[in-house]
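Here's a quick briefing to read with the model open beside you.

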Amino acid sequence: AEGFLAEATHWLDGDTATHGPVAGDGMTDKPRVLVVDDNADIREYVSSLLSGDYLVQTAVDGEDGLEQARALPPDLVLTDVMMPKLDGFALLKALRGNDRTRDIPVVLLSARAGEESRIEGIDAGADDYVLKPFSARELNARVSSNLTMARARRNFSRAARENEARRSFLLTLSDALRAMSSTAAVSQCAVDHIGRQLGATD
């Protein structure tokens with residue numbers, strides 16, 4: 001029974017991965033960054049600063065950015081605050097309200113200086129607030145740090161789910177071992193539990 005327990009626990013461990021934004025586009029390991037700004041010069045400038053380390057895609061306004069993010073969630077969104085159709089705050093709210101995009105780190109870019117503006121952005125749910133004009137070094141550092149923090153959050157959530165699944169399985173199998181005298185009965189109970197667990201994670 002102990003050998004079966006080890007193998008069954010391994011099956012559960014392999015099926016509890018978090019489903020979230022995937023780095024790159026399937027052809028590269030570079031994280032994908034969505035740059036949203038209605039100013040073409042800013043979009044080109046930001047893209048040029050990031051393209052060496054990231055796969056950069058651009059959107060011409062908030063509506064375009066929201067459509068792209070929902071269709072293929074990026075690893076991080078860099079968005080201007082003042083835009084037509086859908087501004088940065090409205091885009092942020094829409095991203096946070098969608099299951100596919102709610103955990104994407106969002107960095108606001110704004111010319112509005114002052115601590116009050118920064119706090120307003122953070123209170124709205126942004127992960128960071130970068131004041132224009134910014135240097136290449138500052139922008140790259142902010143993007144890198146926010147991607148690192150997002151990765152840490154995903155790993156923590158995945159580990160928590162794996163630990164809970166493992167604990168549930170072990171408790172159930174332990175109960176079965178105490179209640180049943182037949183190894184075959186214990187094995188069947190474990191198989192049934194695995195089936196329920198896998199069905200719950202689909």
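Is Ser 47 buried or exposed? Ser 47 counts as buried, because its relative accessibility is 16% (buried means under 20% relative accessible area, exposed over 50%, partly exposed in between, with a 1.4 Å probe and protein chains only). Bear in mind that this is a predicted model, where local features need pLDDT of at least 70, side-chain atom pairs count only at pLDDT 80 or more, and totals for chains, interfaces and linings use all residues. Residues are numbered from 1 along each chain as its sequence is written, and side-chain values use heavy atoms, with hydrogens and water left out.

**The big picture**

- The protein has 7 helices and 5 strands; these are DSSP runs (helices H or I, at least four residues; strands E, at least two), numbered from the N terminus.
- Of the 202 residues in the protein, 37% are buried.
- The accessible surface comes to about 11200 Å², and carbon and sulfur atoms hold 53% of that (areas are from the Shrake-Rupley method with a 1.4 Å probe; for residues, only the protein chains shown count as cover).
- Take the contacts with a separation of 6 or more: 60% of them are between residues 24 or more positions apart (contact means heavy atoms within 4.5 Å).

**Back to Ser 47**

- You'll find Ser 47 in helix α2, which covers residues 40-50.
- Setting aside neighbours within four places in sequence, Ser 47 touches Val 56 and Thr 58.

**The sheet**

- The 5 strands make an open sheet in the order β2-β1-β3-β4-β5, with parallel pairing (two strands pair if DSSP finds at least two bridges between them).
- β2 (55-59) and β5 (128-131) are the edge strands; each has a single partner strand, so one side of each has no neighbour in the sheet.
- From one strand to the next, the twist averages 20°.
- β3 (residues 76-80) and β4 (residues 106-110) run parallel and are joined by 4 bridges; in this pairing, Asp 80 sits opposite Leu 109 and Val 77 opposite Val 106.
- β1 and β3 also run parallel, joined by 4 bridges, and Val 35 stands opposite Leu 78 of β3.

- How many residues of β3 are buried? The count is 5 of the 5, so β3 is largely enclosed by the rest of the structure.
- In a regular strand the side chains alternate between the two faces of the sheet.
- In β3, Leu 76, Leu 78 and Asp 80 point one way, while Val 77 and Thr 79 point the other way; all are buried.

**Helices α3 and α4**

- Helix α3 (residues 62-71) lies across β1 (32-36) and β2, and runs at about 135° to β2 (axes are lines fitted to C-alpha atoms, for helices over the stretch in contact, and angles run from 0 to 180 degrees between N-to-C directions).
- Helix α4 (residues 88-96) packs on the sheet too, touching β1, β3 and β4, and its direction makes about 175° with that of β4.
- The axes of α3 and α4 are 9 Å apart, at an angle of about 20°.
- That angle is why α3 and α4 are roughly parallel to each other (angles under 35 degrees count as roughly parallel, over 145 as roughly antiparallel, 65 to 115 as roughly perpendicular and the rest as oblique).
- On the α3 side, Gly 62, Gly 65, Leu 66, Ala 69 and Arg 70 make the contact; on the α4 side, Leu 91, Ala 94 and Leu 95 do.

**Loop residues worth a click**

- Thr 101 lies in the loop between α4 and β4 and counts as buried, because its relative accessibility is 0%.
- Beyond neighbours within four places in sequence, Thr 101 contacts Ala 69, Arg 70, Ala 94, Leu 95 and Arg 96.
- Most residues other than glycine have a negative phi, and most peptide bonds are trans.
- Lys 85, in the loop between β3 and α4, has a positive phi of about 70° although it is not a glycine.
- With 63% relative accessibility, Lys 85 counts as exposed.
- The peptide bond joining Lys 132 and Pro 133 is cis, with omega about -5°, and Pro 133 belongs to the loop between β5 and α6 (136-179).
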